[in-house]
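Have the sequence and the model open side by side while reading.

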Amino acid sequence: MVLATWVTEQLLFDGAVNGLVIGLIALGVVLVDRASRVINFAVGAMGVVGAAVLALLVLSYDLPFWLAFVLVMLLGGAYGAVVELAVVRRLFTAPRVIVLVATIGVAGLSTALTRSLPAPEGALGARYPL
């Protein structure tokens with residue numbers, strides 16, 4: 001079977017990686033929904049905060065990748081705990097649709113936090129695993 005000429009190995013690889021990322025986000029949404037009966041629209045946006053800080057620490061501040069990774073995992077856990085305590089617990093007895101709308105607000109806050117970070121300096125190189 002011959003693939004079309006526009007189907008390249010890089011295209012297939014990018015599609016597989018993007019599909020896995022979307023699958024992980026969907027898995028996070030389902031797990032949160034099963035545990036708390038709330039559809040959390042902030043799952044992906046909360047993860048982007050950590051990913052942006054990881055790139056910033058490695059590329060701009062020259063931290064070793066694995067040290068930065070551990071720090072970002074701790075930061076992500078702390079950020080999730082703050083969101084849990086400040087938003088979800090306060091709205092625990094509210095109707096589920098109110099909590100759902102609050103998660104949209106948390107997604108907006110996460111996006112604002114990510115956009116407020118400075119851009120990493122330099123291009124991706126050997127210091128940042130690809």
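In which sense, left-handed or right-handed, does helix 2 cross helix 3? The model to look at is a predicted one. In it, the crossing of helix 2 past helix 3 is right-handed. Helix 2 covers residues 43-59 and helix 3 covers residues 65-88; their axes come within 9 Å and cross at roughly 150°. Angles over 145 degrees count as roughly antiparallel, and helix 2 and helix 3 are therefore roughly antiparallel to each other. On the helix 2 side, the contact is made by Met46, Val49, Gly50, Val53, Leu54, Leu57 and Val58. Helix 3 contributes Phe65, Ala68, Phe69, Val72, Leu75, Tyr79, Gly80 and Val83. Sorted by class, this contact of helix 2 with helix 3 holds 13 nonpolar residues, two polar ones and no charged ones.

Helix 2 also packs against helix 4, with the axes 8 Å apart and an angle of about 15°. An angle under 35 degrees counts as roughly parallel, so helix 2 and helix 4 are roughly parallel to each other. The crossing of helix 2 and helix 4 is left-handed. From helix 2 the contact takes Ala45, Met46, Val48, Val49 and Ala52, and from helix 4 it takes Val106, Ala107, Ser110, Thr111 and Thr114. Seven nonpolar and three polar residues make up the contact of helix 2 with helix 4, and no charged residues take part.

Ser110 deserves a separate look. This residue lies in helix 4, which spans residues 96-116. Is Ser110 buried or exposed? Its relative accessibility is 0%, and buried means under 20%, so Ser110 counts as buried. Apart from neighbours within four places in sequence, Ser110 is in contact with Ala45, Met46, Val49 and Tyr79.

The loops come next. Arg37 sits in the loop between helix 1 (9-36) and helix 2. The phi of Arg37 is near 60°, a positive value in a residue other than glycine. Arg37 has a relative accessible area of 61% and is exposed. In the loop between helix 2 and helix 3 is Asp62. Asp62 is not a glycine either, yet it has a positive phi of about 55°. With 52% relative accessibility, Asp62 counts as exposed.

How many salt bridges does a search of the whole structure find? The search finds one. Side chains of opposite charge can pair when their charged atoms come close. Here the partners are Arg89 and Glu84, whose closest N and O atoms are 3.2 Å apart. The cut-off for a salt bridge is 4 Å, so the pair of Arg89 and Glu84 qualifies. Arg89 is exposed, at a relative accessible area of 56%, whereas Glu84 is partly exposed, at 31%.

Val17 is located in helix 1 and is partly exposed, with a relative accessible area of 34%. Val17 and Val32 are 15 residues apart along the chain, and their C-alpha atoms are separated by 23 Å.

Conventions. Residues are numbered from 1 along each chain as its sequence is written. This is a predicted model: local features need pLDDT of at least 70, side-chain atom pairs count only at pLDDT 80 or more; totals for chains, interfaces and linings use all residues. Side-chain values use heavy atoms; hydrogens and water are left out. Axes are lines fitted to C-alpha atoms, for helices over the stretch in contact, and angles run from 0 to 180 degrees between N-to-C directions. Helices (H or I, at least four residues) and strands (E, at least two) are DSSP runs, numbered from the N terminus. Angles under 35 degrees count as roughly parallel, over 145 as roughly antiparallel, 65 to 115 as roughly perpendicular and the rest as oblique. A crossing is left-handed if the near helix is turned anticlockwise from the far one by less than a right angle, and right-handed if clockwise. Contact means heavy atoms within 4.5 Å. Ala, Val, Leu, Ile, Met, Phe, Trp, Tyr, Cys and Pro count as nonpolar, Asp, Glu, Lys and Arg as charged, and the others, Gly among them, as polar. A salt bridge is a side-chain nitrogen of Lys or Arg within 4 Å of a carboxyl oxygen of Asp or Glu. Buried means under 20% relative accessible area, exposed over 50%, partly exposed in between (1.4 Å probe, protein chains only).
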